Amino acid sequence: KMTQQMRDLQLAQARKPPGPSSPNAAKRLYRNLSGKFRVNYTSFDEGSLVGRGEKEKLRKSYLFQSNAALFEAVELQDLDRVQEMLKHYSPEELDFNTPNSEGLLPLDIAIMTNNAPIARALLQAGAKESPHFVSLESRSLHLSTLVREAEQRVNELMAQVVNEAPNADCSEKEKQLKAWEWRFRLYKRMKAGFEHARVPDAPSSVHLSVASSSSLQVTFWEPLSVNSAVVTKYKVEWSCSPTFLPLLGEAVINKLKDLHFTIQGLVSGTAYHIRVSAYNMKGWGPPQASMPPFAIPSNWREYDGRAPRRRGQAEALDHLLAQVKTVHQHCICHEPCKNQPQSRKHSVSKSLKHLFHPGSKFLKTLKRGLYLTAIFYKDDNILVTHEDQIPVVEIDDTYSCLLMQDFLWLTKVSCMWDEILWLRQCVTVSQSSCSCILQTRFKMLLAISQMQGLLGIQDLGQVFFEPIKDKQGNILIVTLKEVKTNQTFESVRWVPICKLQTSRKSVSSPEEPTALDMLLISLQDKLAYHQRSSHALSTGLYLGYLKLCSAVDQIRVLVPEQLPNILCHVKIRSNPNISREEWEWLQKMASMEEPLPTEPEADRSQNPLFQELQVAIKELMTLVNIPLQEAKDFRLYSQEVLDFGDQVSFLLLLPPSDDVCTAPGQNNPYTPRSGFLTLPLQIFELGEER
């Protein structure tokens with residue numbers, strides 16, 4: 001019986017006289033094959049092939065050689081090469097879960113030669129054991145057969161080499177003999193590895209936590225012993241009895257990249273016992289009970305039956321908006337605008353070619369006034385007008401009202417870019433009052449409509465958290481939007497940002513730059529802020545730090561520069577759920593007005609949340625540059641857990657009540673380190689909603 005490797009060897013010999021007479025020669029063969037074929041596969045032009053049959057033939061040839069190269073790398077115990085192939089080829093290309101003619105898979109060879117690093121690499125990539133090994137007896141018989149046939153082939157070739165006179169055929173037989181001797185030693189090593197292996201020990205640790213009111217999360221670690229064979233799967237079992245009789249359920253974990261499992265569909269308020277056992281080619285090992293030994297599915301809301309804060313809020317707002325629209329649609333102010341929807345629809349359908357339209361009303365320079373600019377970017381390119389200018393339109397050339405309140409109002413409008421026409425019609429109703437504020441906001445809506453019409457795009461993106469002001473009296477409001485699609489537009493040219501920054505000729509002095517010059521100078525920072533403000537936290541429970549500071553016209557909140565849509569924070573753990581028992585403990589600690597847990601205490605060492613909070617508080621205090629002894633005066637917000645969906649939740653850490661919000665002129669003795677900024681509270685709220 002010929003192995004897959006030997007067939008590959010003979011094919012190579014037919015094309016090329018030298019063959020792999022030794023492991024080193026075999027190693028050169030599979031490297032040459034895989035490297036050579038990688039170039040051919042990525043460079044050939046499928047359009048030049050004659051017919052589908054030839055394409056399929058090439059594809060199968062590619063899969064065959066990639067699979068053979070992986071087998072060679074595993075057999076030669078070349079970990080670097082195995083990792084390289086797993087990185088550059090997909091599982092389908094390597095086809096590592098299809099047995100060869102000997103009924104073996106790459107993972108079988110790795111675990112039976114007890115090569116743990118290669119076996120783990122294959123397991124994390126999704127490799128499986130051969131389905132031919134249905135029992136210990138079948139595996140033992142299969143290995144014995146491979147050893148016997150390889151030994152028989154070695155004896156036959158040895159006899160031929162001894163009896164034949166020296167010639168070209170004899171030299172070829174000697175090469176085959178060396179290759180079969182090497183394979184014979186490989187099979188014997190695999191057989192010995194199987195015979196000396198034993199079932200795995202129990203997992204070294206099993207941690208149990210409450211994931212929700214109907215689920216538990218089990219996290220486990222590999223057995224500590226290195227004397228048994230490689231573990232290829234785990235089994236999680238659960239029961240309401242500590243004896244596990246009866247057994248309520250079990251799950252086999254084959255994907256070993258992350259050693260955790262969530263048990264769904266459990267009954268809230270019921271205690272469940274969990275255990276985990278490991279499996280290798282010799283069978284299942286003993287189970288390891290979880291720590292704690294049982295857990296009860298629950299959620300902190302069950303403590304007082306509280307409903308989610310945001311339940312039904314979005315629906316209620318939509319209903320309220322619909323009611324407002326219904327009231328306004330019969331208003332007399334809408335009569336002149338009855339034909340507006342058609343023109344609006346037409347403007348929306350226009351492409352970005354308006355940027356180059358002769359009738360464009362984009363401004364080249366700024367005079368004293370209030371302006372709106374829209375930044376559209378993709379990778380390192382930015383969208384500009386036909387004159388290489390950032391799109392700018394005028395809002396008001398006689399602006400004199402309080403800016404901050406109008407600016408914050410505009411940031412809320414940015415959540416309704418599709419409703420600008422309707423908002424314009426509504427604001428028109430009240431213009432008779434000649435209110436400075438209403439007139440300014442109506443002009444803002446007009447400028448937004450103008451920008452949307454000229455660009456042919458309704459969604460202008462996110463408003464930057466502060467306008468740009470210069471000494472000439474110009475105020476520039478900036479919106480930012482990233483274009484992620486590969487959509488192309490007619491007559492539109494994307495300009496590299498660096499080219500725009502270097503080619504624009506400033507019309508102002510370095511001492512007193514205009515708002516446009518200031519925008520270009522700080523453009524990279526603004527784009528970085530915009531990208532970071534859309535990042536999401538990974539799943540988990542976090543400890544957030546709430547720190548405010550007030551000014552004459554606004555309240556600002558401290559946030560990290562790297563994630564400005566979230567409070568300053570550290571991660572407590574990966575499980576976002578707070579169980580009822582944990583919440584009861586937090587309530588008890590708050591009612592007793594105990595200091596925060598900054599130092600370990602022996603009687604609380606068994607409380608996992610207590611230990612996690614200790615670590616998190618120390619890390620957070622260091623992050624915001626507050627001495628740890630000051631944390632004793634801080635307190636946890638005990639009214640609720642802040643849930644952001646099902647994946648992220650926050651516990652809030654509050655300074656003493658007098659220090660939560662720093663008043664104007666008040667000295668803050670602990671200045672946060674670099675890497676933080678303060679956002680207007682309304683801007684932060686909008687960013688968190690996004």
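This is a predicted model: local features need pLDDT of at least 70, side-chain atom pairs count only at pLDDT 80 or more; totals for chains, interfaces and linings use all residues.
Confidence across the protein comes next. Mean pLDDT is 82. A value of 70 or more is reached by 79% of the residues. Over residues 1-50, pLDDT is below 50. Beyond near neighbours in sequence, residues 1-50 have 86 contacts in the model.

The largest nonpolar core holds 76 residues. Within it, Ile375, Leu476, Ile477 and Leu519 have the most contacts. Helix H14, residues 436-455, supplies the largest share of this core, with 8 residues. Why does the core lie between domain 3 and domain 4? Domain 3 (369-534) and domain 4 (540-593 + 600-689) both give residues to the core, so it lies between them.

Leu519 shows some of the packing in detail. Leaving out residues up to four places away in sequence, Leu519 touches Thr373, Ile375, Ile390, Ile468, Leu476, Val478 and Lys526.

Finally, look at a helix pair. Helix H18 spans residues 580-591, and helix H19 spans residues 608-623. Their axes come within 10 Å and cross at roughly 60°. From H18, Glu582, Trp585 and Leu586 meet Leu609, Phe610 and Leu613 of H19. By class, this contact of H18 with H19 has 5 nonpolar residues, 1 charged residue and no polar ones.

Terms used
Residues are numbered from 1 along each chain as its sequence is written. Side-chain values use heavy atoms; hydrogens and water are left out. Axes are lines fitted to C-alpha atoms, for helices over the stretch in contact, and angles run from 0 to 180 degrees between N-to-C directions. Helices (H or I, at least four residues) and strands (E, at least two) are DSSP runs, numbered from the N terminus. Contact means heavy atoms within 4.5 Å. Ala, Val, Leu, Ile, Met, Phe, Trp, Tyr, Cys and Pro count as nonpolar, Asp, Glu, Lys and Arg as charged, and the others, Gly among them, as polar. pLDDT is the predictor's confidence in each residue, from 0 to 100. A nonpolar core is a set of buried Ala, Val, Leu, Ile, Met, Phe, Trp, Tyr and Cys residues joined through side-chain atoms within 4.5 Å. Buried means under 20% relative accessible area, exposed over 50%, partly exposed in between (1.4 Å probe, protein chains only). Domain bounds come from an automatic or database domain assignment.
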